[in-house]
Amino acid sequence: MTTTITVFADSPDRGRGMARDMPVRWALEEVGQAYSVRLVGFDELDTPAYRAMQPFGQIPVLETEGIVIFESGAIVLHIANCYSGLLPADAAARARSIGWVIAALSTIEPPIVEREAAGYAERDQDWFDARQSIMSNRIARRLAQLSARLGDRPWLDQTFSAGDLMMVTVLRRLSDDSDLDPFPNLRDYVARGEARPAFQRAFAAQRALFEARRPPPAAGS
């Protein structure tokens with residue numbers, strides 16, 4: 001079986017492991033499945049051929065055995081359903097893990113991404129600071145709820161699962177900010193995820209692609 005995922009040819013995350021292919025790479029590494037990547041330039045995202053696979057013109061798209069899937073969360077759940085290692089066998093625990101995948105993407109991530117987007121597009125607006133404060137308060141509220149639920153457990157449920165993979169991926173978007181500082185258990189949780197060998201392999205692969213495509217420094221610099 002050949003599994004291919006689309007990735008940015010020139011990722012704006014500059015090899016920091018923040019692009020949306022990262023959780024898909026990580027999931028494939030966790031279940032021990034090889035994959036290849038297809039580099040996609042920003043100009044290709046709007047082509048009819050690509051939009052036929054991904055109607056919103058985003059990455060990643062996973063192609064495997066005639067199956068085409070878009071949206072990173074859907075791809076991770078597909079991988080978790082096809083191979084052992086990311087979803088528990090117990091039906092109740094399996095349902096909880098799937099719930100955490102959805103919670104990461106629909107409850108924790110939206111205010112984080114909205115604040116990021118505002119920082120890029122709305123910084124010159126006179127209401128920018130007030131809106132950022134509102135977003136930061138929403139993020140803090142969600143993090144407090146998540147921190148309380150996690151407590152001193154290593155993972156959200158009994159063992160590491162797809163829910164943790166996606167939640168750690170989302171929380172890494174705050175790694176350069178101070179939002180996690182009041183919640184040391186969440187910082188430790190992210191660190192545990194990043195320490196997993198499968199994460200390290202996925203991160204190294206994404207980083208290597210950035211390094212390979214980065215132009216060499218100018219002479220004398």
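Predicted model: local features only at pLDDT ≥ 70, side-chain atom pairs only at ≥ 80, totals over all residues.
Me: OK, what sheet does S1 belong to, and in what order do the strands come?
Reply: An open sheet of 4 strands, ordered S2-S1-S3-S4, with mixed pairing. S2 (36-40) and S4 (67-70) are the edge strands, each pairing on one side only.

Me: How much are neighbouring strands turned against each other?
Reply: By 25° on average, with direction ignored.

Me: Mixed pairing, you said. Is S1 parallel or antiparallel to S2?
Reply: Parallel. S1, which covers residues 3-8, pairs with S2 over 5 bridges. Thr 4 has Ser 36 as its bridge partner in S2, and Val 7 has Leu 39.

Me: What about S1 and S3, parallel or antiparallel?
Reply: Those two run antiparallel, joined by 3 bridges.

Me: Where does helix H1 lie?
Reply: H1 (residues 21-30) lies across S1, S2 and S3 (61-64), and it runs at about 150° to S1.

Me: What handedness does the β-α-β unit have, right or left?
Reply: Right-handed; the unit is made of S1, H1 and S2.

Me: Switching to aromatics. How many aromatic pairs are there?
Reply: The structure holds 7. One of them is Trp 26 with Phe 199, an edge-to-face pair at 5.0 Å centre to centre with 80° between the planes.

Me: Which parts does that pair tie together?
Reply: Trp 26 is in H1 and Phe 199 is in helix H8 (residues 197-213), so the pair links parts 173 residues apart in sequence.

Me: Is Trp 26 buried or exposed?
Reply: Trp 26 counts as buried, at 0% relative accessibility. Phe 199 counts as buried too, at 4%.

Me: How do the rings of Phe 199 and Phe 203 sit, stacked or edge-to-face?
Reply: Stacked, because their planes are at 20°, with the centres 6.1 Å apart. The two are 4 residues apart in H8, which means about one helical turn between them.

Me: And how accessible is Phe 203?
Reply: Phe 203 has 25% relative accessibility, so it counts as partly exposed. The cut-off for buried is under 20%.

Me: Which residues form the aromatic cluster?
Reply: Trp 26, Trp 155, Phe 160, Tyr 189, Phe 199 and Phe 203, all in one cluster.

Me: Which ring does Arg 192 lie over?
Reply: Arg 192 lies over the face of Trp 155, 5.9 Å from the ring centre.

Me: And where does the charged end of Arg 196 sit?
Reply: Over the ring of Phe 160, at 3.7 Å from its centre. Both Trp 155 and Phe 160 belong to that aromatic cluster.

Terms used. Residues numbered from 1 in each chain as written. Heavy atoms only, no water. Pairing = 2+ DSSP bridges. Axes fitted to C-alpha atoms, helices over the stretch in contact; angles between N-to-C directions. Contact = heavy atoms within 4.5 Å. Right-handed = clockwise from strand over helix to strand, strands pointing away. Phe/Tyr/Trp six-rings, centres within 6.5 Å; stacked < 30°, edge-to-face > 60°. Buried < 20%, exposed > 50% of the residue type's maximum accessible area, 1.4 Å probe, protein only. Lys NZ or Arg CZ within 6 Å of the ring centre and 35° of its normal.
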